[in-house]
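User: Could you take a close look at the backbone for me, starting with the loops? I'd like it as one connected walk-through, please.

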Amino acid sequence: MADTADELEGQGSTLNRGELLKRGAAATFAVGMFGALSDRALGFYGPLKYAHKQLSGELRILQWAHFVPPYDTWLDNTYIKGWGEKNDVDVKIDHINNALLFSTASSEVAAQSGHDLFQFLNPPSSFQKQIVPVTDIVQEVTRKLGKMSEVGHRSCYNPRTKQYFGFPDNYAPDPVQYRKSHLEEAGVSLRTWEDVRKGAAKLKQNGHPVGLGMSNEIDSNMFLISLLYCYGGFIQNEEGRIVFNQGSNRRGAIQALELMRDIFRNGMTDEVFAWTAASNNQAFLAGRLSMALNAISIARSAEASGNDALANDTYLASIPRGPHMRMGNEHVMGVYVIWKFAQNKQNAKRFLVDQQLAYRSHFVRSQFYNFPGWTGAIKGGFNQIKKMAATDTHRPRGKYTILTRIAERYTANVGYPGFSNAVIDEIFQRYLIPQMFAEVAQGKSSPADAVRRYDQQFKRLYRKWRGQGLV
């Protein structure tokens, strides 16, 4: 099972993640229309106004349909309605399927028209020339809450331009979720990736294969880049230069590719090559999978399903350790940007500041899914977050407290150990890492050849974005 230091912990409530994804299909915006509720019990007393200026006008926001549906209900109905009334702003919010965010953003940029605030689930570095820098409000929030989280800083800051192009309002730690009974029956540990490799065949033989995606979707993308970290197969170095096919990075990448090839052949099925962001959720909730890497929507969905046997048997653990380190990406990185063509830039900036200053309510209402971009947004920091998670009443008691350990010790930005720059964004948006792993797992390429060929692609992208002055 997990390391003793990485033991399990707490619980909450959610609908099936697949149902959520249906809400954004066909790129149709679903506008939240709900009635207001009081939230003083969670410490929400309304955001701060400008000291010497009254806001007015409109604010249009676009973001994803959250995997914890009650969060969107509260956000649209209570928080946004209350903020708009207090600031004399007519706020309209649209929610879409997370898989449509990048294409919708591209459409708005092409039209030079759309929303004032646009939320991505990974750092949108490739859009920087269309974005208003938000360094001023980052500094304002930092003065009030203390240092920004490292994952937020490295996701939204460009050391070349010395500007914050995005505002990191939240991130979600990415734990392993596993069926305790299945792993105990097979005698499988999650301490290291080598343990997973050795146990994969037994888990599949028992009818509960491993669920690690190699598809063109966000879960596979985040997981496979994390796996490269664990093996020391870094795409770039701290300065942002491509080093994928060099020295220890090359060896680590080859080892990670070999590992996934072995786990797939012995412990998974072909379905992992065609998964959407909902698929590992659905397979786990159907009782087929023994383990998956995902944000806590799997565990919350199990609790909301009414299947107590499944929910009580669903445990959390840190990502297994690799030969180089134990490290993973955030599962999602909620980054708001303000378009240059936005009509209500001042309203957008004030909304972001006020939201982060009142983030305790967002953490609770998202059932511990949304960790704040500034840990100080919850007074007491990780210690208080752990205490809050420990109050969850689902079984086994305290299982969600491990999220604080994962967030504090084992969560990095996409592009670690460098920043989440435009090169990394394009690699992410084109799903080059899942494609590389899939080719090797399916026997279409050797690990060494795949590393060499994809390194060449990464270097071409580096030259492209270097030429545009963004790296």
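Analyst: Let's start with Pro-396, which sits in the loop between α15 (381–390) and α16 (402–409). Helices here are DSSP runs of H or I with at least four residues, strands are E runs of at least two, and both are numbered from the N terminus. Bear in mind that this is a predicted model, where local features need pLDDT of at least 70, side-chain atom pairs count only at pLDDT 80 or more, and totals for chains, interfaces and linings use all residues. Residues are numbered from 1 along each chain as its sequence is written, and side-chain values use heavy atoms, with hydrogens and water left out.

Back to the proline: the peptide bond from Arg-395 to Pro-396 is cis, with omega near -10 degrees. Tyr-416 and Pro-417 are also joined by a cis peptide bond, with omega about 10 degrees. Pro-417 is in the loop between β15 (411–412) and α17 (422–429). Why flag these? Most peptide bonds are trans, and most residues other than glycine have a negative phi.

On the phi side, Tyr-431 isn't a glycine, yet has a positive phi of about 55 degrees. You'll find Tyr-431 in the loop between α17 and α18 (432–441). At 22% relative accessibility, Tyr-431 is partly exposed (buried is under 20% relative accessible area, exposed is over 50%, partly exposed is in between, using a 1.4 Å probe and protein chains only).

Gln-112 is another non-glycine with a positive phi of about 55 degrees, this time in the loop between α3 and β4. Gln-112 is partly exposed, at 41% relative accessible area.

Asp-116 belongs to the loop between α3 (101–111) and β4 (117–120), and with 2% relative accessibility it counts as buried. What does Asp-116 touch, beyond its neighbours within four places in sequence? Its contacts (heavy atoms within 4.5 Å) include Glu-58, Leu-59, Arg-60, Trp-339, Gln-343 and Asn-344. Gln-343 is 227 residues away along the chain, but its C-alpha is 6.4 Å from that of Asp-116. The Asp-116 side chain also has a polar atom 2.8 Å from the backbone nitrogen of Arg-60. For Asn-344, the backbone nitrogen is 3.1 Å from a polar atom of the Asp-116 side chain.

Note on methods. A polar contact is a pair of N or O atoms within 3.5 Å; within protein, one must be able to donate a hydrogen and the other to accept it, and residues adjacent in sequence count only if both atoms are side-chain atoms.
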